[in-house]
Amino acid sequence: MSIPPFSQASLEWHEGQPYSAHFGDVYFSRESGLEETRHVFLRHNQLAERWQTMQQDAFTIVETGFGTGLNFLCAWQMWEHTAPSHVRLHFVSIEKFPLSHADLARALALWPELRQYSTALLAQYHQIVPGWQRLVFCQGRVQLTLLVGDVLALLPQLSSHADAWFLDGFAPSRNPEMWQEALFDNMAAFSHKHTTFATFTSAGIVKRGLQAAGFEVHKVAGHGRKRDMLCGRFTRNERPAMRAGRAVVIGGGIAGTASSHMLAERGWQVNLVEQEPALAQHASGNPVGVLYPKLARKDVPLGRLSLAGYLHSLRLLQQLGLDATAHARCGMLQLAFDQRELERCQTIAARGFPPELLHWVDQEQAGNLAGVALQYGALYFPEAGWVRPRAYCEALAGHANITRTLATRVTGLSQHGNAWQVWTGEQLLDEADIVVIANAAQAASFVQTRHLPLEQVRGQISRLHHVDGAPVLHALLCTDGYISPLIDGTYCLGATFVPGDTTTSVRDEEHAQNLDMLKRMAPSLYDTLMPQAPTGRAAVRCTSLDYLPLVGPVLDAALLEARPPRYTADPASSLPWLPGLYINTGHGSKGLTTAPIAAEMLACAIHHEPAPVDSELLAVLDPNRFVLRKLGLKRLVRGLACHPLRR
């Protein structure tokens with residue numbers, strides 16, 4: 001999926017009302033905007049009645065046209081008053097021209113009765129970029145997935161059925177590009193027999209398009225001056241059901257604790273099993289980890305994952321509420337240390353990202369932000385920062401639904417009926433509905449996942465003490481490595497990259513590599529800190545052959561190789577799945593950025609909920625991609641992300 005250039009809404013204000021200069025129309029009626037939303041979208045999707053009698057764990061609304069967020073806030077308000085307290089609302093909204101934070105705040109200020117909800121939305125409505133972003137409210141009970149881009153390009157990338165459609169956006173006469181046959185066909189693809197829709201328009205092209213796509217359509221009384229509107233329901237397909245049960249997650253690092261947390265948020269009773277006597281003892285055990293996105297000149301999967309994971313992690317850390325001793329957003333300077341890096345940084349800056357996400361600064365500005373003299377200009381990420389990985393993992397694992405089993409190594413997995421048995425030696429440790437393997441390269445020790453091409457990579461960090469009288473580094477610096485700001489009197493820098501090396505002793509030659517990096521990045525800081533003997537730590541990280549994580553359900557590779565599937569209309573359903581077995585590993589040095597969003601992907605797949613990323617990225621990360629390519633079944637990889645059978 002290619003992400004288009006970013007473009008915010010071109011807004012004018014007419015007598016205190018927001019007016020779209022692009023579409024030549026108001027966003028809502030100042031006199032009756034709230035009542036129109038409630039009449040059209042809430043009442044004619046029968047939301048109050050459906051929510052009061054809900055049997056499923058989650059409800060998904062998909063909206064075309066986020067606009068000012070008024071529909072979302074009204075739905076959220078009704079959800080709080082009518083839905084059971086243990087269920088979740090997923091609100092997916094697609095918007096081509098998002099409002100700026102200032103315009104959104106001004107528009108929502110017109111509705112004081114929604115202040116509680118609009119304040120929460122505005123607190124998270126930052127760094128809105130093209131593609132997917134997830135904003136989480138009420139401890140996960142309400143989730144907004146905002147898709148920025150063209151609806152006809154983004155809608156096919158959904159990974160979940162809708163329970164209700166809000167067909168908003170500007171009228172067909174003002175916005176004909178949206179109201180196309182492709183819109184209605186995609187709605188049908190993501191609907192089930194209980195899916196409803198409502199829209200303010202009664203245009204014939206909309207009525208005929210919905211009917212042709214399989215919807216039962218009714219013309220009913222509109223609101224206020226609008227005589228008619230349309231509503232109805234889909235007439236085909238059944239929606240799969242999913243209930244939380246018992247889960248075992250293997251691995252107590254960032255991937256395992258994040259996977260446990262996302263499942264626990266959905267009501268699962270999770271047994272988190274870690275072979276060490278405490279969490280975060282291996283690759284997640286460094287004293288400081290850094291949070292920033294590694295972007296590319298073009299839209300490529302690794303860059304898209306990095307950006308989505310970075311924004312997700314920032315919002316997750318905000319929800320967890322780590323204190324200033326464990327996490328800080330100090331900003332990051334991606335230094336343009338040579339001509340190639342300069343060209344890369346400037347190309348990224350020209351991609352049109354919002355300046356609150358990143359912007360170019362010259363050498364003098366970079367030095368002022370860093371607090372030390374620098375020799376290069378840089379891309380500046382104002383919200384990037386650092387976190388203490390152990391504190392992060394502890395916060396994730398602190399959910400009341402998570403039980404820890406420490407100092408216990410899982411040695412085997414076996415299916416027993418519809419459950420998975422988890423073994424340590426000859427002893428049955430647990431039995432669960434699902435198992436998530438998140439123990440890095442040790443995933444290859446299980447029969448079910450030993451075929452995965454995982455690679456181990458050694459990395460060493462170095463730590464230097466601050467010297468009295470020396471300038472203090474205030475921001476994170478990055479080139480081919482990183483230097484943290486001053487934290488508790490020390491700097492952390494690294495990390496080295498040694499593929500295939502699984503030893504963890506600290507080496508002088510790797511300290512020398514890290515110090516050389518410091519000297520290149522910030523020679524003035526190097527001169528004031530040296531000479532001194534650094535301390536450090538080495539750990540082994542896990543990555544894959546294509547340097548992308550492995551995230552998703554697991555196939556029976558042995559059975560697949562013995563009996564490759566024949567082509568069918570639904571090829572993914574003909575594959576030999578291992579129902580209930582999932583994996584989240586291979587994050588390399590970027591686990592703090594990518595593992596939490598990968599955990600959210602897994603939880604969403606298990607519950608048939610909207611994913612936090614597009615379906616193409618889900619397919620790129622599918623753990624079965626290597627064995628399918630090996631067997632010449634590459635064409636099936638794309639279908640895995642949309643395959644409904646996950647358990």
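Leaving aside neighbours within four places in sequence, which residues is aspartate 25 in contact with? The legends below start there. This is a predicted model, with residues numbered from 1 along each chain as its sequence is written. Local features need pLDDT of at least 70, side-chain atom pairs count only at pLDDT 80 or more, totals for chains, interfaces and linings use all residues, and side-chain values use heavy atoms, without hydrogens and water.

**View 1. Aspartate 25 in strand S3 (residues 25–26).** Strands here are DSSP runs of E, at least two residues, and helices are runs of H or I, at least four, numbered from the N terminus. Aspartate 25 is in contact (heavy atoms within 4.5 Å) with Tyr19, Ser20, Phe170 and Arg174. Its relative accessibility is 25%, so aspartate 25 counts as partly exposed, between buried (under 20% relative accessible area) and exposed (over 50%), using a 1.4 Å probe and protein chains only.

**View 2. Phenylalanine 72 and the largest nonpolar core.** Such a core is a set of buried Ala, Val, Leu, Ile, Met, Phe, Trp, Tyr and Cys residues joined through side-chain atoms within 4.5 Å. This one has 79 residues, and Phe72 is among those with the most contacts inside it. Helix H3 (residues 70–82) gives the largest share, seven residues. Beyond four places in sequence, phenylalanine 72 touches Phe66, Phe91, Leu121, Phe137, Val142 and Leu144.

**View 3. Helix H10, residues 301–320.** Of the 20 residues in H10, 15 are buried. Glycine 321 follows H10, with a positive phi near 70 degrees.

Note on methods: Expected span 1.5 Å × (residues − 1).
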